[in-house]
Amino acid sequence: ATDKPADLFQLIDQRLKFMKDVACYKARHHLPVEDVAREDQVLRHGLQQASRAGFAGDEFRLFLQVQMSAAKAVQYRMRAELEFLPAQRCLSPELSVTRQKISALDDRILRHYAALQHAGGHISPDDFQRFEQILDTRYLKHGEKYALFIALMHARLEPQAAP
Ligand SMILES: C=C(O[C@@H]1C=C(C(=O)O)C=C[C@H]1O)C(=O)O
């Protein structure tokens, strides 16, 4: 089945794995990690898709914001390490290419989570161990992974209106 929490966790992990390309690109082009305009775009698009899919807006917004905080935390820590890495060992695609892939992944995450809930599934606190196994990045602390997990768990579809 494609509606298991583990598959959703994989997609979230894939998003974080793109941060290597983003961090490399920014370091090599002397760009800051935080890009407020891009964040607005990610947030606006995500909330629009979320409302179409029937997610509760406030909780989904919080999830997107925590996910972007995680993305930045990963990049800041990588950025420090890049100071000591020769430039040729940190090559990355164009930022616009990576961002298209991230946006496509964002849509998949949303659709996957909606499908999981439509099938009667949900994320429960017991799933955190699995979440942490899958999100194996050493660039996020335990508590940060937990914050992301909790925000994900709380992003639920609105209860269906009675017919
Ligand atoms: C991933 C990026 O880095 C940061 C994190 C973002 C995100 O998680 O979507 C968006 C903008 C940046 O503040 C990026 O610049 O694309």
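Predicted model: local features only at pLDDT ≥ 70, side-chain atom pairs only at ≥ 80, totals over all residues.

Reader: How are helix H4 and helix H7 oriented to each other, roughly parallel or roughly antiparallel?
Author: Helix H4 covers residues 57–82 and helix H7 covers residues 142–154, and their axes lie 8 Å apart. The two helices pack at an angle of about 155 degrees. Angles over 145 degrees count as roughly antiparallel, and therefore H4 and H7 are roughly antiparallel.

Reader: Which hand does the crossing of H4 and H7 have, and how many residues of their contact are nonpolar?
Author: The crossing of H4 and H7 is left-handed. On the H4 side the contact is made by Glu-59, Leu-62, Phe-63, Val-66, Gln-67, Ala-70 and Ala-73, and on the H7 side by Glu-144, Ala-147, Leu-148, Ala-151, Leu-152 and His-154. Of the residues in this contact of H4 with H7, two are charged, two are polar and nine are nonpolar.

Reader: How are H1 and H5 oriented to each other, roughly parallel or roughly antiparallel?
Author: The axes of H1 and H5 are 10 Å apart, and the angle between the two helices is about 165 degrees. Since angles over 145 degrees count as roughly antiparallel, H1 and H5 are roughly antiparallel.

Reader: In which hand does H1 pass H5, and how many nonpolar residues does their contact have?
Author: H1 passes H5 in a left-handed crossing. H1 contributes Pro-5, Asp-7, Leu-8, Leu-11, Ile-12, Gln-14 and Arg-15, while H5 contributes Ile-102, Leu-105, Arg-108, Ile-109, His-112, Tyr-113 and Leu-116. By class, the contact of H1 with H5 has three charged residues, two polar ones and, as to nonpolar residues, nine.

Reader: Which element gives the largest share of the largest nonpolar core?
Author: This core has 33 residues, and those with the most contacts inside it are Leu-16, Met-19, Val-74 and Leu-152. Two or more residues come from each of helix H1 (5–17), helix H2 (19–28), helix H3 (36–53), H4, helix H5 (95–118) and H7. The largest share, seven residues, comes from H4.

Reader: Which residues does Leu-152 touch, beyond those up to four places away in sequence?
Author: Leu-152 is one of the residues with the most contacts inside the largest nonpolar core. Leu-152 also belongs to the H7 side of the contact with H4, where Phe-63 is one of the H4 residues. Leaving aside residues up to four places away in sequence, Leu-152 touches Phe-63 and Ile-123.

Reader: Is H2 mostly covered or mostly exposed, and what covers its buried residues?
Author: H2 is mostly covered, for eight of its 10 residues are buried. The buried residues are Met-19, Asp-21, Val-22, Ala-23, Cys-24, Tyr-25, Lys-26 and Ala-27. What covers them includes H1, H4 and H5.

Reader: Where is His-30, and what is its phi?
Author: His-30 is found in the loop between H2 and H3. With 6 C-beta neighbours inside 10 Å, His-30 counts as exposed. Most residues other than glycine have a negative phi. His-30 is not a glycine, yet its phi is positive, at about 55 degrees.

Reader: How far apart are the C-alpha atoms of Ile-150 and Phe-63?
Author: Ile-150 is found in helix H7 and is partly exposed, with 16 other C-beta atoms within 10 Å. Ile-150 and Phe-63 are 87 residues apart along the chain, and the separation of their C-alpha atoms is 8.5 Å.

Reader: Which residues does Arg-156 touch, beyond those up to four places away in sequence?
Author: Arg-156 is found in the segment after H7 and is partly exposed, with 15 other C-beta atoms within 10 Å. Arg-156 and Ala-56 are 100 residues apart in sequence, but 6.1 Å apart in space, C-alpha to C-alpha. Not counting residues up to four places away in sequence, Arg-156 touches Ala-56, Glu-59 and Gln-117.

Technical notes
Residues numbered from 1 in each chain as written. Axes fitted to C-alpha atoms, helices over the stretch in contact; angles between N-to-C directions. Helix = DSSP H or I, 4+ residues; strand = E, 2+ residues; numbered from the N terminus. Parallel < 35°, antiparallel > 145°, perpendicular 65-115°, else oblique. Left-handed = near helix turned anticlockwise from the far one by under 90°. Contact = placed C-beta atoms within 7 Å. Nonpolar A, V, L, I, M, F, W, Y, C, P; charged D, E, K, R; others polar. Core = buried A, V, L, I, M, F, W, Y, C linked by C-beta atoms within 7 Å. Buried ≥ 20, exposed ≤ 12 C-beta atoms within 10 Å, placed from the backbone.
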